[in-house]
Amino acid sequence: MYKRESLERLLSLTPKEEKPDRAVTCAACGAEVCRRSDETQKDKAHMHRQMYAGAFVSVSVFSNAAGIKRTDESGAARDKEASTWWPPRDARRCRCASCDRSLGWRVADNPDETVGAFYALLTSRLTVGKRDAERGEGL
């Protein structure tokens with residue numbers, strides 16, 4: 001416990017490097033899903049490894065995802081297995097607005113926490129900077 005607290009204190013003193021605000025795109029079609037500036041944390045981490053359908057999946061947490069197909073919250077089916085990751089929050093599948101590929105889940109708000117609703121997107125279905133590289137901005 002002591003080592004963890006010391007490490008957390010040390011990391012909090014280390015200056016954080018600015019990340020370029022690159023596009024986060026759908027790996028299937030290349031459409032922009034969100035930006036690096038939309039990255040957020042849940043339980044002090046941006047990336048999480050979760051068990052889903054008998055296998056581990058890696059999800060990244062984003063506060064906003066403009067390239068996600070908007071669905072009516074009441075119409076989208078609640079994903080029971082993904083909803084167990086951060087109870088009592090409901091998780092609903094979300095898709096790429098361009099190609100309709102499933103990219104992850106929109107996790108509902110919990111008024112008892114400071115973190116509002118967020119997106120838990122599958123890292124295996126995203127790429128970073130693809131559109132920026134096409135424009136000549138590079139990775």
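1. In what order do the strands of the open sheet of five strands run? The order is 3-4-7-6-5, and the pairing is antiparallel. Two strands count as paired if DSSP finds at least two bridges between them. Strand 3 (47–52) and strand 5 (91–95) are the edge strands, each pairing on one side only. From one strand to the next the twist averages 35 degrees, with axes taken as lines fitted to C-alpha atoms and angles running from 0 to 180 degrees between N-to-C directions.

2. On the basis of the note: this is a predicted model, in which local features need pLDDT of at least 70 and side-chain atom pairs count only at pLDDT 80 or more, while totals for chains, interfaces and linings use all residues. Residues are numbered from 1 along each chain as its sequence is written, and side-chain values use heavy atoms, with hydrogens and water left out.

3. The chain contains two helices and eight strands. Read from the N terminus, the elements follow the pattern α-β-β-β-β-β-β-β-β-α. Helices (H or I, at least four residues) and strands (E, at least two) are DSSP runs, numbered from the N terminus.

4. Val 61 stands opposite Ala 120 of strand 7.

5. There is also an open sheet of three strands, in the order 2-1-8 and with antiparallel pairing. Strand 2 and strand 8 (126–128) are at its edges with a single partner strand each, so one side of each has no neighbour in the sheet. The twist here averages 30 degrees from one strand to the next. Strand 1 and strand 2 are antiparallel and joined by three bridges; Ala 23 has Arg 35 in strand 2 as its bridge partner.

6. Which residues have the most contacts inside the largest nonpolar core? They are Val 33, Cys 34, Phe 62, Ile 68, Leu 103, Tyr 119 and Leu 121, in a core of 14 residues. Strand 1 (23–26), strand 2 (32–35) and strand 7 (118–122) each give two or more residues to this core. A second, separate core of 13 residues includes Trp 105, Val 107, Phe 118 and Leu 122. A nonpolar core here is a set of buried Ala, Val, Leu, Ile, Met, Phe, Trp, Tyr and Cys residues joined through side-chain atoms within 4.5 Å.

7. Leaving aside residues up to four places away in sequence, Leu 103 touches Cys 26, Val 33, Ile 68, Cys 94, Arg 95, Cys 96, Ala 120, Leu 121, Leu 122 and Arg 125. Contact means heavy atoms within 4.5 Å. Across the chain, residues 24 or more positions apart account for 53% of the contacts with a separation of 6 or more.

8. How many disulfides does the model have? The count is zero, a disulfide being a pair of cysteine sulfur atoms within 2.5 Å. For Cys 96, the nearest cysteine sulfur is that of Cys 29, 3.7 Å away. The sulfur of Cys 99 lies 3.7 Å from its closest cysteine sulfur, in Cys 26, which is too far for a bond.

9. Cys 96 is buried, at 0% relative accessible area, whereas Cys 99 is partly exposed at 33%. Buried means under 20% relative accessible area, exposed over 50%, and partly exposed in between (1.4 Å probe, protein chains only). Of the chain's 139 residues, 35% count as buried.
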